[in-house]
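I opened a notebook page for this chain and kept the entries in the order I looked things up. Cut-offs are noted where a term first comes up.

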Amino acid sequence: MVAASEHTPRCTACHCGAQHDQVGTAQRESVLNLHRPPGIPMSIDEHEEDPRAISELNGTRLHYVIDRDALDEKMLHIFTSQGDAEKYFSNTVDTSLKPRLKTRNSVQRSLSFGMPEMLHQENPSLFMGGVVPQAAPPGGVPPNGGYIDLYENKDWGGHQWRILEWETKTVGDFRKLTDCSFAWFGCLAANDQVTGVDAMISGAKPMYVLAEDINLGGSWFWAPGRSFISNLTSYGWNDRASSLMIMYFS
């Protein structure tokens, strides 16, 4: 079961889970769900298809699931049903998560370097100056302490937009998400500009969704909550996202 933290809006117009303003929905839908062939092999509802065949589904809301196969560019699994996508992803997301940061392991080793091993075994209260170490959180990310970084260009180039997990779980309109770090070029909104994503979200089975339209409308891109995706072009999602939601599988 997947649950959104905070509010999970509803839409009776297109059943996308978003709360659209009804005025203009028809106009937006006319330019949504125009699917680009991915650069890797793909399957539609568990049947392998030629990537060029995805254009036959223009006008249909699709769900792109990024699991280990997709991250390794072996196979992109696409579903026409949100329920099927959720069921598939819930069974694969834990194997797709980025492992615990190596830098945290090296810091842990450096803190205990030179301390007699027996102190750890016989009197763990002496570890770290009297503080008994606690079990590390999943992925090394403390609860609600994660982030998602969106990048304008591949390989982490160009403008960067950071979303902090503790601040919000939903960004409904990328037109309002701006970055002004390149002052000589002016500010840039993230809408239809995202090419790379670096996600490090807390929890045992976190995930995020990029949506094609504002307020989570249009097709969805489901991805592990701890993952690097350096170029969305491989999946047909370069410069396509307009909103985002963080969710957690139980």
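For the core search I took a nonpolar core as a set of buried Ala, Val, Leu, Ile, Met, Phe, Trp, Tyr and Cys residues joined through side-chain atoms within 4.5 Å. Buried stands for under 20% relative accessible area, exposed for over 50%, and partly exposed for what is in between, with a 1.4 Å probe and protein chains only.

**Ground rules.** I am working on a predicted model, where local features need pLDDT of at least 70, side-chain atom pairs count only at pLDDT 80 or more, and totals for chains, interfaces and linings use all residues. Residues are numbered from 1 along each chain as its sequence is written, and side-chain values use heavy atoms, with hydrogens and water left out.

**Whole chain.** I counted six helices and 15 strands in the protein chain; these are DSSP runs numbered from the N terminus, helices being H or I with at least four residues and strands E with at least two. Of the 250 residues, 45% are buried. I then looked at contacts (heavy atoms within 4.5 Å). Among those with a separation of 6 or more, 66% join residues 24 or more positions apart. The chain exposes about 12,600 Å², and carbon and sulfur atoms supply 54% of that; the areas come from the Shrake-Rupley method with a 1.4 Å probe, and for residues only the protein chains shown count as cover.

**Cores.** The largest nonpolar core holds 35 residues, and Ile 148, Leu 150, Phe 174, Tyr 208, Leu 210 and Phe 221 have the most contacts inside it. Strand E15 (residues 243-249) gives the most to this core, with three residues. Apart from it I found another core, of 16 residues, including Ala 85, Val 93, Trp 222 and Met 245.

I listed the contacts of Phe 174, leaving out residues up to four places away in sequence; among them are Leu 150, Ala 189, Val 194, Leu 210, Ala 241 and Leu 244.

Phe 249 also lies in strand E15. Phe 249 counts as buried because its relative accessible area is 6%. Its C-alpha atom is 7.5 Å from that of Met 207, a residue 42 places away along the chain.

**Sheet.** I traced an open sheet of four strands in the order E7-E6-E11-E14, with antiparallel pairing. Two strands pair if DSSP finds at least two bridges between them. Strands E7 (157-164) and E14 (226-229) are the edges, each pairing on one side only. From one strand to the next the twist averages 15 degrees; axes are lines fitted to C-alpha atoms, for helices over the stretch in contact, and angles run from 0 to 180 degrees between N-to-C directions.

Strand E6 (residues 147-153) and strand E11 (residues 196-200) run antiparallel and are joined by five bridges. Ile 148 stands opposite Ala 199 in E11.

**Val 197.** Is Val 197 buried or exposed? Val 197 is in strand E11 and counts as buried, because its relative accessibility is 0%. Beyond four places in sequence, Val 197 has contacts that include Ile 148, Leu 150, Trp 156, Tyr 208, Phe 228 and Leu 232.

**Disulfide.** I searched the whole structure and found one disulfide, meaning a pair of cysteine sulfur atoms within 2.5 Å. Cys 180 and Cys 187 form the link, with their sulfur atoms 1.8 Å apart. The link is right-handed, with 105 degrees about the S-S bond. Cys 180 is partly exposed, because its relative accessible area is 42%.
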